[in-house]
Amino acid sequence: MADHWFIILISMLCVAAAELERFELPAKGDGSLSFLVIGDWGRRGAFNQSQVAFQMGKIGEKLDIDFVVSTGDNFYDNGLSGPQDPVFEQSFTNIYTANSLQKRWFSGKLPFLLHILNWLTGHLLGNHDYRGDAEAQLSHLLRKIDSRWLCLRSFIVDAEHAEIIFVDTTPFVKSYFLDPEDHTYDWRGIHPSKHYVTNLLKDVERALRESRAKWKIVVGHHAIRSIGHHGDTPELATHLFPILKANGVDFYMNGHDHCLEHISDTESPIQFLTSGAGSKAWRGDVKRVNRKGLKFFYDGQGFLSVKLTPPDAEIVFYDVYGKILHTWNATKQFI
Ligand SMILES: [Zn+2]
């Protein structure tokens, strides 16, 4: 009996001590950090995916980006069938070919502690990724095919003055479990989802609370707020959003809705930024809902860039021609 309780206690401690995996990345010499954000992209180059990739290469070079963030739905329609699925190369390796989008190795002060990244992707398996072999996207075998690929469900990138927390939002959405229609989801490692989501929220809350970063960014696949086809995600608005608000998050970035969008929260400094236009765009599919705080909405293809220094942030949205559609600047005063 005593052994039994000892085991339970140990496992509870393990749960309590669980932490999101952390990757450290030094800012550039001038203290700046730049990256691109792209979502909902993998269609073997079709639906202007290749054109968006081409413009990402140009903007990436101009901004001397440190990495690329994917907001999920990496491979359509049903994720990857396995680690050998040729779709991985057809929709990723062979598409994002520009020099600025290639892996770049930085030398750090503590190189043995640093995982240096240029392309952070897969992390947020989108709902379409969960319809295939979700674990294939997490497999190290993909990194052997293309070493830019880093794929985790939830993790943290600590880039000195900015911290980016990636949250696996698909398991939050109840309808995928209750009414999957004719789709089959790969929930290995997720069941029971309530337990998974509760622990994830605790990890996110603790990471944000302990963060000393000047800029706090959270990335998910689903929108907290959006006027696009899918609209708001009530599960995130109820469970995740209060944590972001209470812990001084600056930006929540997502994909899922195939558009580019910027909504300012009216009760906190949080900016909701949707970048889900990496290939097929909604084109005219807009909800007639609450538009409070809406700054920008574009239902064609494109992506966004982020440039951060300790006091300043600049967000820029681009279309498929690389034309600037919308810019947002923010400055923080620090004591
Ligand atoms: Zn999606």
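Predicted model: local features only at pLDDT ≥ 70, side-chain atom pairs only at ≥ 80, totals over all residues.

User: Ok, and where is N127 found?

Analyst: N127 sits in the loop between strand 4 (119-120) and helix 4 (134-138). Those elements are DSSP runs numbered from the N terminus: helices are H or I with at least four residues, strands are E with at least two.

User: What does N127 touch?

Analyst: Leaving out residues up to four places away in sequence, N127 touches D73, T170 and Y176. A contact here means that the two C-beta atoms, placed from the backbone, lie within 7 Å.

User: Which residues does UniProt list with N127 for "binding site"?

Analyst: The unreviewed UniProt entry lists D73, N127, H221 and H256 under "binding site". They are spread over 184 residues of sequence, yet they cluster in space, with a largest C-alpha distance of 8.3 Å. UniProt positions use the numbering here, with shortened feature names, and an annotation may be inferred rather than shown by experiment.

User: Tell me about D73, then. Why does D73 count as buried?

Analyst: D73 counts as buried because it has 28 C-beta neighbours inside 10 Å. You'll find D73 in the loop between strand 3 (67-70) and helix 3 (87-93). Leaving aside neighbours within four places in sequence, its contacts include N127, H221 and H256, as well as D40.

User: Which "binding site" residues does UniProt list along with D40?

Analyst: Another "binding site" listing in the unreviewed UniProt entry has D40, D73, Y76 and H258. They span 219 residues in sequence, but no two of their C-alpha atoms are more than 12.9 Å apart, so they gather at one spot. D40 is in the loop between strand 2 and helix 2 (49-63), and it is buried, with 30 other C-beta atoms within 10 Å. Y76 lies in the loop between strand 3 and helix 3, and it also counts as buried, with 23 C-beta neighbours inside 10 Å.

User: Zooming out now. How many helices and strands does the protein have?

Analyst: There are nine helices and 14 strands. Of the 335 residues of the protein, 43% count as buried.

User: And which residues have the most contacts inside the largest nonpolar core?

Analyst: Those are F35, L36, V37, I164, I165, Y252 and F303, in a core of 74 residues. Strand 2 (residues 33-38) gives the largest share of this core, five residues. A nonpolar core is a set of buried Ala, Val, Leu, Ile, Met, Phe, Trp, Tyr and Cys residues joined through C-beta atoms within 7 Å.

User: Let's switch to strands. Why is strand 10 largely enclosed?

Analyst: Five of the five residues of strand 10 (residues 271-275) are buried, so the rest of the structure largely encloses it. Q271, L273 and S275 point one way, while F272 and T274 point the other way.

User: What does strand 9 form with strand 10?

Analyst: Strand 9 and strand 10 form a hairpin with six residues between them. Strand 9 (residues 260-264) pairs with strand 10 in the antiparallel sense over five bridges, and E261 stands opposite T274. Strand 8 (residues 251-254) pairs with strand 10 in the parallel sense over four bridges. To count as a pair, two strands need at least two DSSP bridges between them.

User: Last one: which residues of helix 7 are buried?

Analyst: L200, V204, A207 and L208 are the buried ones. Seen down the axis, they fall within an arc of 95 degrees, so they line one face of helix 7. That arc is taken over the directions from the helix axis to the C-beta atoms. On the other side, K194, H195, R209 and E210 are exposed. The buried residues of helix 7 pack against strand 5 (155-159), strand 6 (162-166), strand 7 (215-219) and helix 9 (241-246).

Technical notes: Residues numbered from 1 in each chain as written. Buried ≥ 20, exposed ≤ 12 C-beta atoms within 10 Å, placed from the backbone.
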